[in-house]
Amino acid sequence: MPAPRHEAEEYRQLQTDRCEEMLFALQPGIRAGSPPHVSSAVKVLQHQADLQGLSAKDTNPGLQAFQIIINIDDQDR
């Protein structure tokens, strides 16, 4: 029977692989500038960072904000 630490690492790797697959599937929409695709990708990346223990603990979450600007105007091309 595998040790719990080994099982946790296998689960973490499985979830990381799934995140990579989701990001790959979202790429066409991201490249097209689709806000829902970009939003989903940000959520997947956040989940992946959480899985790997890379997320910093925010001591004041009320002040956390960010903005993503996506230009979908084709006139500049």
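Which residues of helix 2 are buried? I noted V38, A41, V44, Q48, A49 and L51. I also wrote down that I am working with a predicted model.

**Entry: one face**
I then looked down the axis of helix 2. Its buried residues fall within an arc of 155°, so they line one face of the helix. My reminder to myself: an α-helix has 3.6 residues a turn, so residues three or four places apart point the same way. On the other side of helix 2, I found P35, P36 and K43 exposed.

**Entry: length check**
Helix 2 runs over residues 35-51, which makes 17 residues. After helix 2 comes G53, and I noted its positive phi, near 70°.

**Entry: the cover**
What lies over the buried residues of helix 2? Helix 1 (4-31) is included in what covers them.

**Entry: how the two helices meet**
I looked up the axes of helix 1 and helix 2: they come within 9 Å and cross at roughly 160°. An angle over 145 degrees counts as roughly antiparallel, and therefore that is how I describe helix 1 and helix 2. Helix 1 passes helix 2 in a left-handed crossing. On the helix 1 side, the residues making the contact include C19, L23 and L26. Helix 2 contributes, among others, V38, A41, V44, Q48 and L51.

Methods:
Residues numbered from 1 in each chain as written. Predicted model: local features only at pLDDT ≥ 70, side-chain atom pairs only at ≥ 80, totals over all residues. Heavy atoms only, no water. Helix = DSSP H or I, 4+ residues; strand = E, 2+ residues; numbered from the N terminus. Expected span 1.5 Å × (residues − 1). Buried < 20%, exposed > 50% of the residue type's maximum accessible area, 1.4 Å probe, protein only. Arc of directions from axis to C-beta. Contact = heavy atoms within 4.5 Å. Axes fitted to C-alpha atoms, helices over the stretch in contact; angles between N-to-C directions. Parallel < 35°, antiparallel > 145°, perpendicular 65-115°, else oblique. Left-handed = near helix turned anticlockwise from the far one by under 90°.
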